[in-house]
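User: I should like to learn how to read this structure, one feature at a time. Please give the general idea first and then the case at hand.

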Amino acid sequence: MTREDIISYLEPFWGRTLSFMKEALRSDVPLLDSVNESVAGASGKMLRPMMSLLVARAIGTPNDDSCRYASACELLHNATLMHDDVADESSRRRGRPTVSALLGPSAAVLVGDFWLSKAVELAANSQHFVKVVKIFSKSLTDLAEGEMFQMEKADSCDTDEEDYYRIIKCKTASLFEAAGVSGACSVDAGEAEVEAVRNFSVLYGMAFQIKDDILDYTGTDELGKPLGVDLREKKITLPLLGALRNLPESERARVRRMICEADKRPEYCRQLRELTLSSGGIEYALARLDEFVGRAIEALGAFADTPARECLVYIARQNAHRRI
């Protein structure tokens, strides 16, 4: 199975989703229209709309609402990325200059706001609006709280594993949850089905971020973003937490002091990466990744054995092996 196989399986709903996105992003302001087209053309793997449509197809027959929500999830995702790039002062995303780098942070915030408003507009023109707007609102609240909590922890450099899971649940898993649950709502799923989808989506999202954090230590230029960004921003992620578990208490305190100065001492970033690689940090994170993937697949046991369920199992397993 490949991504192309899944997209083929999802037709004509995939094409309808792309059409909703394209129409939503039209603007009579030439600069905005051009930027929207450029960002949409580099939209990445589009896992969130894919998950949303697969969930809808695993439970029932996708419809226009399914496609609207799948499209809205991708718009929300890209809006948050544009805002993140401003907050993080990132110059590259998916191998290309960010909107912030090209047009400045003010323009990037405005474009992100446009995408966000268009996501809400897509959901508003749907039969299940009341339910779904609450889902999207919760996701955006989680994203904001997760970002602020991570900033707080970057200042104190005392992130522990519980803090880490809270951060990635808010910042990454929440939007996957919105994608899965909105897809379920679009086909009038029952409470038990919605809960199973919620469990799968959150667990998948947690696994996805753990894999991203591993790649920040072990990835290549294929990632399309600079490596080692987390350390430079004093973000303590699971690989480093895994390495800290294997160190004596006195050494852990020294390492945390280094993390607090990593933004000013580039050599500390290199030393911390080497320590993570040599002290079992990657192995620890990979073990936790496998646990989350396994639990996500278990959550799919609530659904009948259909091609849609098989596709969801595939994307869950594929996450553990991706290199970008």
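User: Where is the place of K234?

Analyst: K234 lies in the loop between α11 and α12, where helices (H or I, at least four residues) and strands (E, at least two) are DSSP runs numbered from the N terminus. This is a predicted model, in which local features need pLDDT of at least 70 and side-chain atom pairs count only at pLDDT 80 or more, while totals for chains, interfaces and linings use all residues. Residues are numbered from 1 along each chain as its sequence is written, and side-chain values use heavy atoms, with hydrogens and water left out.

User: What is the phi of K234, and is K234 buried or exposed?

Analyst: Most residues other than glycine have a negative phi. In K234, which is not glycine, phi is positive, near 60°. With a relative accessible area of 13%, K234 is buried; buried means under 20% relative accessible area, exposed over 50%, and partly exposed in between (1.4 Å probe, protein chains only).

User: Which residues does a cis peptide bond join?

Analyst: Most peptide bonds are trans. Here, E11 and P12 are joined by a cis bond, with omega about 5°. P12 belongs to the loop between α1 (3–10) and α2 (13–24).

User: How may one check the length of helix α3?

Analyst: The expected span of a helix is 1.5 Å times one less than its number of residues. Helix α3 (residues 30–41) has 12 residues and should span 16 Å. Its end C-alpha atoms are 16 Å apart, which agrees.

User: Which residues of α3 are buried, and why do they line one face of the helix?

Analyst: L32, V35, N36 and V39 are the buried residues of α3. They line one face because, seen down the axis of α3, they fall within an arc of 100°; the arc is that of the directions from the helix axis to the C-beta atoms. On the other side of α3, the residues P30, E37 and G41 are exposed. The buried residues of α3 pack against α5 (64–88), α6 (99–103) and α7 (105–124), where contact means heavy atoms within 4.5 Å.

User: What does the reading of helix α14 show?

Analyst: The 13 residues of α14 (residues 266–278) should span 18 Å, and the end C-alpha atoms are 19 Å apart, which agrees. Y268, C269, L272, L275 and T276 are the buried residues of α14. These cover an arc of only 130° around the axis, so they are on the same side of α14. P266 and S278, on the other side of α14, are exposed. The cover over the buried residues of α14 includes α10 (191–218), α11 (229–232), α12 (238–245), α13 (249–260) and α15 (281–299). α14 is followed by G280, which has a positive phi, near 85°.

User: At what angle do α4 and α9 pack?

Analyst: Axes are lines fitted to C-alpha atoms, for helices over the stretch in contact, and angles run from 0 to 180 degrees between N-to-C directions. Helix α4 (residues 47–59) and helix α9 (residues 161–186) pack at about 30°, and their axes are 8 Å apart. The crossing in which α4 passes α9 is right-handed: a crossing is left-handed if the near helix is turned anticlockwise from the far one by less than a right angle, and right-handed if clockwise.

User: Which residues of α4 and α9 meet?

Analyst: In α4 they are L47, R48, M51, S52, V55, A56 and I59, which meet L175, F176, A179, G180, S182, G183, A184 and S186 of α9. By class, this contact has nine nonpolar, five polar and one charged residues. Ala, Val, Leu, Ile, Met, Phe, Trp, Tyr, Cys and Pro count as nonpolar, Asp, Glu, Lys and Arg as charged, and the others, Gly among them, as polar.

User: What does E177 touch?

Analyst: E177 is a residue of helix α9. E177 is buried, with a relative accessible area of 8%. Not counting residues up to four places away in sequence, E177 touches K138, R198, S201 and V202.

User: Where is the place of R322, and what does R322 touch?

Analyst: R322 is in the segment after α16 (307–319). R322 counts as buried at 9% relative accessibility. Leaving aside residues up to four places away in sequence, R322 touches F208, K211, D212 and L215. R322 and F208 are 114 residues apart along the chain, and their C-alpha atoms are separated by 9.8 Å.
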